[in-house]
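Biologist: Please show me the model, and let us go through it one question at a time.

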Amino acid sequence: MAAPVPSAPTVVDAAPPARQEEVLTPEALAFLGALHHRFTPRRDELLALRGERRREIARTGTLDFPAGTAHIREGDWQVAPAPPALTDRRVEITGPTDRKMTINALNSGARVWLADFEDATAPTWENVVLGQLNLIDAHERRVDFTDPRGKTYTLRPDEELATVVTRPRGWHLDERHLRDGDGRPLPGALVDFGLYFFHNARRLLDRGLGPYFYLPKLESHLEARLWNEVFVHAQDLLGVPQGSVRATVLIETIPAAFEMEEILYELRDHASGLNAGRWDYLFSIVKTFRDAGDRFVLPDRNAVTMTAPFMRAYTELLVRTCHKRGAHAIGGMAAFIPSRRDPRVNEAALEKVRADKDREAADGFDGSWVAHPDLVPVARASFDAVLGDRPHQKDRLREDVRVTSADLLAVDSLTARPTYDGLVNAVGVGLRYIESWLRGTGAVAIFNLMEDAATAEISRSQIWQWVNAGVEFEDGRKVTAGLVREVAAGELAALREELGEDAFATGAWQRAYDLLLRVALDEEYVDFLTLPAYGLLD
Ligand SMILES: CC(=O)SCCNC(=O)CCNC(=O)[C@H](O)C(C)(C)COP(=O)(O)OP(=O)(O)OC[C@H]1O[C@@H](n2cnc3c(N)ncnc32)[C@H](O)[C@@H]1OP(=O)(O)O
Ligand SMILES: O=CC(=O)O
Ligand SMILES: [Mg+2]
C-alpha cells in the first residue's frame, strides 16, 4: 500500500497580507506539509536533547570536544567546492526582508545579502509572508517600490546585485499560523526554508545561482544532520540536483563551538562555510553556564570585545577549522551603526568597524558582515587590503592556532566587573528592543548600536545572571530583583516623560516592561525571550 500523502497545513488566526495567495499556493503548502510530516518529530527530539545536554552541563560545569566524534576531527575530508556566486564573499550585508531594505541591501555593493527571518525579524505573519513575497519579487526583478514620501527604489543591473543567502528561523521557533491536521504548528525553520526553496530554487539554478542559506543557533552536529536531511529531501521532492543547496552555519552557541568540524562534516555536500555569530555566542555562554555561579559572569556587554581571549580563541578556531576543510570563514557583526545626521557618531562608528574588519581580515577570515550600507566600503577596504584580487584566503591554514576547551571557556580571565551603569544600559536596551519587536520591527538602532534578537538576549540574560549569581557592584550594592525593578520602573517613567502620554500609549511599552521583567527575573530561566514574546505578537 502506498504511504499516505501528508495533508497540507492550513492558515489559522491570521489576517492575510496582500498577495498572500502567491506565496501560500496549494503546491507550496503541500510541500511544507511534506517537510513537516517527515522532519518535525526529529526536530522535537533534538530540542529535548538540548535540555538534556544543558542539565548535564549544569551538573559538570563544563564542556569538551566530544570523544565519540574524534574520527571526524582526525579524518581527511573537505566540503564541496563553493559555487561561483559564493566564492568571493568579502562583504556581506544583513537585514530584514521588508521591501525597501530588500532593494537597499541588494543594491548596497555587498557581495552577499543575508535576508533575515531570524535575529533581525519579528516574525509577525505579515513579515513572514511579505518577506517571502519580496524575495520572490526580487528574484523576478519586479521588486520596485515607492515610499510614502514618493522616493522610488529600483534594482541595479544584475551583475551589481548582492547574492541572496536566506536565514530561516532557528529550530526552537514555531509558526503558529500554519497548523497541521492535528492542530500542531509547523516549525518556523521549515516554513522559512520551505517557502524560499519551493518558490525560488529552480529560478535561481536557471540563472547559475542556487538556493543558499544561513543556518542559525545550532547547538550540535545532530541538528546540522537534520538540516542536511531536509536539504536532501527537499531537492528530491522538487527534482532539483543534489548539492544545489548551500548552507553557511552560524557558530553562535558555545556547545556548537566544540563541534565545528562535525557540523561541517554533516553538511559537507551542502556546506559553504561557518560564520562567527558573536552576539548569540555571548548570549549562549551566559545561558549555558547560568548555574555556574561567578565563573561565567560577564561584565557589562560593551566591555566584552572580540579581543577578549575566549572570544579570540573561538574565532581563531573557526578560521582554522574552515580552512582545513575548504570552507569559507565569515566574520561577525560589529554593532556600531553609522549616522547620516551626526558626523561625530558616524566617524566613531566607521573607525570601530574598520578596526574590527581589519582584525578579522588579518586573522584569516574570508569576508565579514556589516549591518548598514554605509559600512560596505569600510569592510571592503579591510578585506581588499588583505585579499587583493584573490577571492578568499582559504590557503591560510592557520596551523599555528591551538585552541583547547579551557581556552574557549576562559571567561573568568576577564578582569572587568559588572557596573550599575551596565545594568541601567541592559534594562534600557532590553525595554526599547522588546517594545520595537512587539510592534513588528526586529532590528533597531538604540544608543547608536544595532540591536536585534541576539543582542537583546544578552541584555536580559545578563540581568538574570547578575541577580542569580549575587553580583556586587564596586560600591558594595548587590544586584537584586528589587534593584532591577527599581531601574526598570525609572526607565519606563523616563520614556513616558520623553515620549509624552499619547505616543507612550500607542506604543507597546507596558507589555515590553512586563515581558522584560519576566524574562530577566523569573526564577526559571526562559530559553529564548522570543518564545514568550511570540505569544504577544500578531
Ligand atoms: C546579531 C546578528 O544577527 S546581526 C544580523 C541581524 N541584524 C541586522 O541585520 C541589522 C541590520 N541593520 C538594520 O536593520 C539597520 O541598519 C538598523 C535598524 C540598525 C538602522 O537602520 P536605520 O535606522 O534605518 O538607519 P539609517 O536611517 O541610517 O538608514 C539609512 C538608509 O540605509 C538603509 N539601511 C540601513 N540598514 C540597512 C540594511 N541592513 N539593509 C538595507 N538597507 C539598510 C535604510 O533603509 C535607509 O534607507 P533610505 O535612505 O532609503 O531610507
Ligand atoms: O547572528 C549573529 C549573531 O551574532 O548572533
Ligand atoms: Mg544570531
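Modeller: Around ligand 2 lie Asp119, Leu250, Glu252, Gly277, Arg278, Trp279, Asp280, Gly332, Met333 and Ala454, a residue being near if its C-beta atom, placed from the backbone, lies within 6 Å. This is a predicted model, where local features need pLDDT of at least 70, side-chain atom pairs count only at pLDDT 80 or more, and totals for chains, interfaces and linings use all residues. Residues are numbered from 1 along each chain as its sequence is written, with chains lettered from A and ligands numbered from 1 in the order written.

Biologist: Which helix gives the largest share of the shell around ligand 2?

Modeller: Helices are DSSP runs (H or I, at least four residues), numbered from the N terminus. Three residues of the shell come from one helix, residues 278–288, and this is the largest share. That is helix 10.

Biologist: Why does the distance between the ends of helix 2 agree with its number of residues?

Modeller: Helix 2 covers residues 26–60, which is 35 residues. The expected span is 1.5 Å times one less than the number of residues, so helix 2 should span 51 Å. Its end C-alpha atoms agree with that, being apart by 50 Å.

Biologist: Where in helix 2 does the kink lie?

Modeller: The bend is the angle between axes fitted to the seven residues ending at a residue and the seven starting there. In helix 2 the kink is about 45° and comes shortly before the proline Pro41. The kink lies at Phe39.

Biologist: Which residue follows helix 2?

Modeller: Its phi is positive, near 75°. The residue is Gly61.

How values were computed: Helices (H or I, at least four residues) and strands (E, at least two) are DSSP runs, numbered from the N terminus.
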